[in-house]
Amino acid sequence: MKSQCPELTSVTHPVAWELGESSWSWRLQSETDTVNEWTKRLDKIMDFVAGCLGGAAGVLVGHPFDTVKVRLQVQSAKKPLYRGTFHCFQSIIRQESVLGLYKGIGSPMMGLTFINAIVFGVQGNTMRILGQDTPMNQFLAGAAAGAIQCIICCPMELAKTRMQMQGTGEKSSSSRKVYKNSLDCLACIYQREGVWGINRGMVTTLIRETPAFGVYFLAYDVLTRSLGCEPEDPYMIPKLLFAGGMAGISSWISTYPADVIKSRLQADGVGGKFQYSSIMDCTRKSIEKEGWQVFTRGLTSTLLRAFPVNAATFATVTLFLMYVRQGEGAKDCEPAPQHCGALQQQTQPSSL
């Protein structure tokens, strides 16, 4: 019996060792798969969080320019209150104080942070579905994001436009407020006109937003690739700001005529009288009264606003995602160094 013990030991010990090694490898692979799964989920959530932060930054920088743009777009051609962008700025500050430039900011501050969360979240997840990070896929992902966010964007911009037109040309102390705030504005419109009323301008919003966001992400992708925005580049932040600003300008120029019509349709009926029955009717009457130059009304203030707003938005989003994903990559690489490269490649799209 004693002579058989070493043989039994020599046979069972390697098997037990192999089983132990297999169990350890399986456990390590299982843990790695779990980490990868949580990384993917967190990555998707971070796109939405980054969009919120970028949206808030963009609103604070750009709302005064947007107020000027809307005032110029909807003023009467026969009796214009403002001679141009800078005269409009001066008149609003003189007549309504600096706070006049921030009329209606409540609606975009609530809406744009949420809208940017949708835009960057949908765009990021669409890029993951499409698989390859190419300029064409950036355009398609951006267009999809632009179309989806119209559900929130249209009512928000309606309230913003109505609030911005409230008390036009009047002293802030003497003006009678029809709407207390953006939510009250939407509630009043809903009571008078129902669901169709709060979605006034939805078709023109879709016509504007779908291609505009495609151009937006396409331009940013092309510029960041061309400029070489790498994390170790000392001029990375100025490059990101420039790329974001130029992407915003490109986006606005591509669909600005649709924005003019949208603003006019949404401002229509402020005084209780409706001028336009449809998109074509608004387009036809606008061209008849003011010529083709009507489609450049407010373009200067729009482009002045587009650069700083989108520079702030894209830089905030990109830097936030870069910081978060670098932290994730470092944590994920600790338990399994051999998977470090794959995880970093998975969580680092080239343009965002």
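A salt bridge is a side-chain nitrogen of Lys or Arg within 4 Å of a carboxyl oxygen of Asp or Glu. I keep that cut-off at hand, and I note that this model is predicted.

**Entry 1: Glutamate 96 and arginine 71**

I looked up glutamate 96 first. Its salt-bridge partner is arginine 71, with the closest N and O atoms 3.1 Å apart. The pair links distant parts of the chain: glutamate 96 is in helix H2 and arginine 71 is in helix H1, 25 residues apart. Are these two residues buried or exposed? Glutamate 96 counts as buried at 3% relative accessibility. Arginine 71 is buried too, at 1%.

**Entry 2: Helix H2**

I stayed with H2, which covers residues 85-96. H2 has 12 residues. From first C-alpha to last it reaches 16 Å, close to the 16 Å expected at 1.5 Å a residue. I listed its buried residues: Thr85, His87, Cys88, Phe89, Ser91, Ile92 and Glu96. After H2 comes serine 97, and its phi is positive, near 75°.

**Entry 3: Aspartate 66 and lysine 160**

Next I checked another salt bridge. The side chains of aspartate 66 and lysine 160 meet at 2.6 Å, N to O. Aspartate 66 lies in helix H1 and lysine 160 in helix H5, so this pair ties together parts that are 94 residues apart in sequence. Aspartate 66 is buried, at 4% relative accessibility. Lysine 160 is buried as well, at 5%.

Asp66 and Lys160 belong to a network of salt bridges. For the whole model, the count comes to 19 salt bridges.

**Entry 4: Helix H5**

Why do I call H5 largely enclosed by the rest of the structure? I do so because 14 of its 16 residues are buried.

**Entry 5: A pair within one helix**

I looked up arginine 284 and aspartate 281. Their side chains meet in a salt bridge of 2.7 Å, N to O. Both sit in helix H9 (residues 279-290). They are 3 residues apart, which means about one helical turn separates them. I recalled the general rule: an α-helix has 3.6 residues a turn, so residues three or four places apart point the same way. Arginine 284 is partly exposed at 42% relative accessibility, whereas aspartate 281 is buried at 9%.

**Entry 6: Cysteines**

How many disulfides does the model have? I found 0. A disulfide needs two cysteine sulfur atoms within 2.5 Å. The cysteine sulfur closest to that of cysteine 153 is in cysteine 150, 5.8 Å away, so it is too far for a bond. Cysteine 153 itself is buried, with 2% relative accessibility. For cysteine 188, the closest cysteine sulfur is in cysteine 185, at 7.0 Å, and that is also too far for a bond.

**Entry 7: A nonpolar patch**

Ile45, Val49 and Leu53 make a nonpolar patch of about 230 Å². Leucine 53 is found in helix H1, residues 5-74. Is leucine 53 buried or partly exposed? Leucine 53 is partly exposed, with a relative accessible area of 40%. A patch residue needs over 30%, so leucine 53 passes that cut-off.

Notes:
Residues numbered from 1 in each chain as written. Predicted model: local features only at pLDDT ≥ 70, side-chain atom pairs only at ≥ 80, totals over all residues. Heavy atoms only, no water. Patch = residues over 30% accessible without salt bridge, like charges linked within 9 Å, V, L, I, M, F, W, Y side chains within 5 Å. Areas by Shrake-Rupley, 256 points an atom, 1.4 Å probe, with all protein chains shown as cover. Helix = DSSP H or I, 4+ residues; strand = E, 2+ residues; numbered from the N terminus. Buried < 20%, exposed > 50% of the residue type's maximum accessible area, 1.4 Å probe, protein only. Expected span 1.5 Å × (residues − 1).
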